Amino acid sequence: MAQRIATEYVNASLQLTAEEMSGFVHFFEEQHVKQQVRVLDNGNHEMVLEDDAGREEVRLTFERQQDRYVCVMSCRLVHPKLTNAMRKAVSVFRGDAIVNRIYSNYTMNYTYEQGAVRKIVEHAAGSMRVVFEYKDTVGQLEAQFKITDVEQEIHVLHGAINQLLDLRNQCTDQEQIAAIDDRLRNHTHALFIREA
């Protein structure tokens, strides 16, 4: 199995409530990651995470924006303990991130949205290959069924056809009947297409 050289987080972002912020601090305690948390004068939080050997650290700044703490950061991690803790944190706290897992001959690019992996792309020897891509098939089908434009068009066409039929029954002039028949033919064709 290939040995990972490094993991890069590119514009990773977390948005936490005050309660989630407390849980975020507790989460890293459970991961046995050393941390220092400072609350700044403006309400922002600065958090320094360090692996237990002191070989690597990550500095996270959470800006206070109304009722949320927002952190946008980029970093490169080498040691597994801090790397795994950050991966779990992005997932548990529903973060968005582009994560590059770098190996000697290739790079795996993970796209996280709301803590879930949405896409994995392998970059090797100048080419790229999509390994995984999330598709919300159920959501797409539900959205399609909610579209009622066609049903409304069918309803309008039914009404127009009924009016034309009433008009045709009242009409005695052959030219007008021919014109009505022509319009009826167009409307029924349009109705056939929409009902198909």
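What follows is a conversation about a predicted model, in which each label is set against the value behind it.

Trainee: Why is Gln-66 called exposed?

Mentor: The relative accessibility of Gln-66 is 75%, and exposed is the word for values over 50%, so Gln-66 counts as exposed. As for its place in the chain, Gln-66 lies in the loop between strand S4 (57–65) and strand S5.

Trainee: What makes the backbone of Gln-66 worth a remark, given that Gln-66 is not a glycine?

Mentor: Gln-66 has a positive phi, about 55°, although it is not a glycine. Gln-114 likewise is not a glycine and has a positive phi, in its case about 50°, and Gln-114 sits in the loop between strand S7 (106–113) and strand S8 (116–124).

Trainee: How do you know whether Gln-114 is buried or exposed?

Mentor: Its relative accessibility is 52%; since the label exposed requires a value over 50%, Gln-114 counts as exposed.

Trainee: What makes the buried residues of helix H2 (80–92) a face of that helix?

Mentor: The residues concerned are Leu-82, Thr-83, Ala-85, Met-86, Ala-89 and Val-90, which are buried in H2, a label that calls for a relative accessible area under 20%. Seen down the axis of H2, these buried residues fall within an arc of 165°, and therefore they line one face of the helix. In general, an α-helix has 3.6 residues a turn, so residues three or four places apart point the same way.

Trainee: How do you know that the span of H2 is close to the expected one?

Mentor: H2 has 13 residues and reaches 18 Å from its first C-alpha to its last, which is set against the 18 Å expected at 1.5 Å a residue. H2 is followed by Arg-94, whose phi is positive, near 50°.

Trainee: Which residues line the largest cavity, and how are they classed?

Mentor: The structure holds 1 cavity of 30 Å³ or more, and the volume of the largest cavity is about 30 Å³. Its lining consists of Ala-12, Ser-13, Leu-14, Cys-71, Met-73, Met-86 and Val-90; by class, 6 of the lining residues are nonpolar, 1 is polar and none is charged. Met-86 and Val-90, which belong to this lining, are also among the buried residues of H2.

Trainee: Which elements supply the lining of the largest cavity?

Mentor: Strand S1 (4–16), strand S5 (68–77) and helix H2 each supply at least two residues, and the largest share, 3 residues, comes from S1.

Trainee: Why are the buried residues of helix H4 (149–170) said to be on the same side?

Mentor: In H4, the buried residues are Ile-154, Leu-157, Ala-160, Ile-161 and Leu-164. They cover an arc of only 130° around the axis, and this puts them on the same side of H4. What covers these buried residues includes helix H5 (174–195). H4 itself has 22 residues and reaches 32 Å from first C-alpha to last, close to the 32 Å expected at 1.5 Å a residue.

Trainee: What does the face of H4 turned away from its buried side carry?

Mentor: That face carries the exposed residues His-155, Val-156, Gln-163, Asn-169 and Gln-170.

Trainee: How do you know that Val-156 is exposed?

Mentor: Val-156 has 57% relative accessibility, and with the cut-off for exposed set at over 50%, Val-156 counts as exposed. Val-156 and Leu-191 are 35 residues apart in sequence, while in space their C-alpha atoms are 9.6 Å apart.

Note on methods. Residues are numbered from 1 along each chain as its sequence is written. This is a predicted model: local features need pLDDT of at least 70, side-chain atom pairs count only at pLDDT 80 or more; totals for chains, interfaces and linings use all residues. Side-chain values use heavy atoms; hydrogens and water are left out. On a 1 Å grid over the protein atoms alone, a cavity is a set of points where a 1.4 Å probe fits but cannot get out, and a pocket is an open set with protein on both sides within 12 Å along at least five of seven lines; lining residues have an atom within 4 Å of a point. Grid points are joined across faces, edges and corners, and a volume is the space filled by probe spheres set on the points. Helices (H or I, at least four residues) and strands (E, at least two) are DSSP runs, numbered from the N terminus. Ala, Val, Leu, Ile, Met, Phe, Trp, Tyr, Cys and Pro count as nonpolar, Asp, Glu, Lys and Arg as charged, and the others, Gly among them, as polar. Buried means under 20% relative accessible area, exposed over 50%, partly exposed in between (1.4 Å probe, protein chains only). The expected span of a helix is 1.5 Å times one less than its number of residues. The arc is that of the directions from the helix axis to the C-beta atoms. Contact means heavy atoms within 4.5 Å.
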